[in-house]
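Open the model in your viewer and keep the selection panel at hand. Each stop below says what to pick and what to look for there.

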Amino acid sequence: MSATMTPNVNTPGDFQAKDYKSDLKPIWCPGCGDYSVVQGIYRALAAIGRPPHEIAFISGIGCSSRIPGYTTAYGFNTVHGRALPIAQGIKLANPDLLVLAAGGDGDGFSIGGGHIAHLIRRNIDITYIVMDNQIYGLTKGQLSPTSQKGRTTCTSPHGSLENPVNPLLYVLAYGAGFVAQASPTDLVGMAAIIEEAIRYPGFAFVNIQSPCVTYGEEAQQIKGLKAISETLESLGHDPSDRLAAMNLAQNYGTKLNLGVFYRNPEPAPTYDGLVRERQAQLSQGAPSKERILDLFIKK
Amino acid sequence: MRKDLVFGMAGSGGDGIVSAGDSLLQAASAEGYHGVMTKSFGSQIRGGESSCRVRISTDPVLNPGGNLDVAVALNWEDFLKFGAELPVAGTTVVIYEAATGVPENQIPLVGVTPLQVIAVPIAEMAKAHAGTERAKNTVVLGLIAGWFGIGAVAVMKGISKKLAKKSQELVDANQKAFDAGMAFAKEHPLKADMTIVPLENKGGVKLLTDGNDMCAAAAIFAGCQFFGGYPITPSTEIMQFFTNHVWKYGGAVLQAEDEIAGIGAAVGASFAGKKAMTATSGPGLSLKSEMMGLASIAELPLVIVDVQRGGPSTGLPTKTEQSDLFAAAFSAHGDVIRPVLAPTSVADTFRTTIEAFNIAEYYQTPVIILSDQEIASRKETLDPIDTSQFKIIDRLKPTGADLQDYKRFKQTENHISPISHPGMLGGTYLASGIEHVESGAPTNSGSVHARMNDKRTKKFDPLKERKDLFEITGNPDAPLALVAWGSVAGVCREALQMAREQGLDVKLMVPYLLYPVAEQTYRDFFASVQKGLVVEQSHLAQTFKVLRMHLDLPKGLQSLARSGANPFLPGEIVAALHHLLAELQRSHEGKLQPQE
């Protein structure tokens, strides 16, 4: 732990949402759902109370991946699809940090789709927030991996022939310990879900339906989202029941179920925690690194 | 008596050829000899063919040697697959497994009649004395001890140590097989005395290792605390060494799901303030190129090891080449300079790797170590290294004053900006692959982009001035010259010695810094040169072309370049130098004609 790092305890009240807002002006289109997401993140961080310099916020490429720039923290806007590998390197290098990763559905489930499975099976303590708008926005309206079949976009002018990825089922199937969905139509609920995801000790995934006002379909606009929203709480869902969560996750694309789908009641050990244990165990009685060449002496 | 012996051995996978070579080199090293061993396989796990080449000498060795003095064939078919890597000459003693027989048209071998050809019933002896054909390699070691005087005691000591863990019977059986080999050698003397000169002064403790392990050890010594990578031949041993050792020093290793995630994690670790590394080979380097660009624009230190093998694509995955220079120096989009360093031996892999970390940290940049399969996989004996002579450089951290109004990419006189990391109070900033202003905020401004490009390229100017990254040997005014890097440099060092013994006035430049091209250093070196060779294992002569791209080369400088796998032989380079000298003399005669 570096000398400037505060102990890993929550100090609510020390920070307010505005303390996490950076000076950069977002380049998002007026009315974009991401405006609400970043507000939710500020609120969640304030509730947790970690100072900005102890937070690393990593993203890939796309509209939503600009979000670390709008947040006061150590930010890294990386390359397309690779937020998670970079975020895990940060967490393994310094497990004391609060590490957040964020991006869009294309970034996370197309180009970066191969990484999620591995972050989940390693169970690295990172919170991954996907702003899912079912379209490629920054490249101006192409088909995304979560676009519904039959959807007309500039790369599917005759309608998409592909079945969409179901992000919730995807991460549940790989064994994620915390899976939730939120909506910008409910800022308070979204902030609470993000806060809970960050507090979960292990890999946590939050899917946020974040409407694209420019290329989005009507169903994903704020009004449309409100129409299909229902909370998991109102359905009496037990978030410790993984199979029930998978059943409900099938509603993706038709219903917008909000809340925690799954929270492992007995969180598994994290990879970063195990790394620390191994370091502690193997460093005992280790020769100084100045003697490393002694390994090459054949006695 | 001989001061230097080169052994080449080949057989089928499972014959224990490589382990015999290992035992031979270890025994020689225990007796105080210098040595080097290279291995070569087909690319399969078991079965197929495998070979090794062991050179043992009373003096330090610079490369694995030229023609074989001793060829050991456990199987002719397999031996002949290594024709060019294990060249037999008129001075070679050939020992072969009697049971496999010799097809009549194969001796002489490729038109060469060896000095002596001896059939030995190796398998039969192993069976008779050790009870199993698996002891064939021990019989071979007994033959070598008997004929060449290497390792009579030390070989068996090493074998016993290894086998004692299994059973005493196995040790006894192998001792019998070894003794049988020795006895056979005594009963069938060689035509010429080929015993090696015994050493009076054993020269003390030696290290014995290969380039990959040396690279990983050096990285840990340099303070590397994170390794992210993906298995790929012939670089994987670097990751394996890390997984064995780096935890002890507070570090971590990630065997990632792919090459991109491997380097990504290393980029992340560097952003988090730790020295980080990844290692790969050609195809993996291609996959990593986008991340290398990211680390360049985000000005993050990172060391990438590329253990070159034959390419393109899967190419010759188990064999050496020097054909990744273009990829190492140029595989990124945009205008970017990425330092590329190359070690020339196992021994200087230590220094080169530390240098790579120091350059990465000081200049806040990715650095590529361009190793090659031969250096990475070959074992060398080396004298203990005085580690206290190495200075370790860490990145420039911001001070209190910098943190008052912290600007991560602040324009400074030497273009190096203090770099903070998560956890540092007052140092928060946005790193990105997007062009940015001094604070890190994204920009689309062309003028800022031009200024930042200037910062990111000019910062390397002092690197190009460093003379210590070049080794120049020979008469500075010599009219003849050689330029070579990587494993080929070792061959050229020996060629230089041979050429000078033959009266040629020739000098050699070995660059450890391949890129950026240090124009002035080359200009100075070439000032006296009328004829010369850039020697490299690249079909396209990549080094020659990169040099030509950056500076005017002397007219007489030629490229001696060819594809890899088959090593250059020192004698071949000396022959080319004689040819150049003859051309030079002819042109001088021309000039001596009266002009008026």
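Select Asn174 in chain B. In this predicted model, Asn174(B) sits in helix H6 of chain B, residues 168-187. Is Asn174(B) buried or exposed? Its relative accessibility is 9%, so Asn174(B) counts as buried; the cut-off for that label is under 20%.

The side chain of Thr138(B) makes a polar contact with the side chain of Asn174(B) at 2.5 Å. The backbone oxygen of Leu170(B) lies 2.9 Å from the Asn174(B) side chain. Leaving out residues up to four places away in sequence, Asn174(B) touches Ala135(B), Thr138(B), Met156(B), Ile159(B) and Leu163(B).

Next, select residues 236-245 of chain B. This is helix H8. Which residues of H8(B) are buried? Colour Thr236(B), Ile238(B), Met239(B), Phe241(B), Phe242(B) and His245(B) to see them. An α-helix has 3.6 residues a turn, so residues three or four places apart point the same way. Then display what covers the buried residues of H8(B). The cover includes helix H7 (211-221) and the strands E8 (224-229), E9 (252-255), E10 (275-280) and E11 (302-308), in chain B.

Stay with the strands. In chain B, 7 strands form an open sheet with mixed pairing. Trace the order E9-E8-E10-E11-E13-E12-E19. The edge strands are E9 and E19 (513-515) of chain B, each pairing on one side only. Zoom in on E12 (340-341) and E13 (366-372) of chain B: they run parallel and are joined by 2 bridges. Val340(B) stands opposite Ile368(B) of E13(B).

Leu285(B) belongs to helix H10 of chain B, residues 282-297. Leu285(B) is buried because its relative accessible area is 1%, where the label needs under 20%. Along the chain, Leu285(B) and Ile368(B) are 83 residues apart, yet their C-alpha atoms are separated by 9.9 Å. Ile368(B) is one of the contacts of Leu285(B) beyond four places in sequence.

Now bring in chain A and colour by chain.

Look for polar links across the interface. There are 18 residue pairs in polar contact.

Select Arg122(A) and Glu257(B) to see their side chains meet in a salt bridge, at 2.7 Å from N to O.

Last stop: strand E2(A). E2(A) runs parallel to strand E15 (430-432) of chain B, joined to it by 3 bridges. Pick Asn77(A), and its bridge partner in E15(B) is Ser432(B).

Terms used
Residues numbered from 1 in each chain as written. Chains lettered and ligands numbered in written order. Predicted model: local features only at pLDDT ≥ 70, side-chain atom pairs only at ≥ 80, totals over all residues. Heavy atoms only, no water. Buried < 20%, exposed > 50% of the residue type's maximum accessible area, 1.4 Å probe, protein only. Helix = DSSP H or I, 4+ residues; strand = E, 2+ residues; numbered from the N terminus. Contact = heavy atoms within 4.5 Å. Polar contact = N/O pair within 3.5 Å; in protein donor to acceptor, adjacent residues only side chain to side chain. Salt bridge = Lys/Arg side-chain N within 4 Å of Asp/Glu carboxyl O. Pairing = 2+ DSSP bridges.
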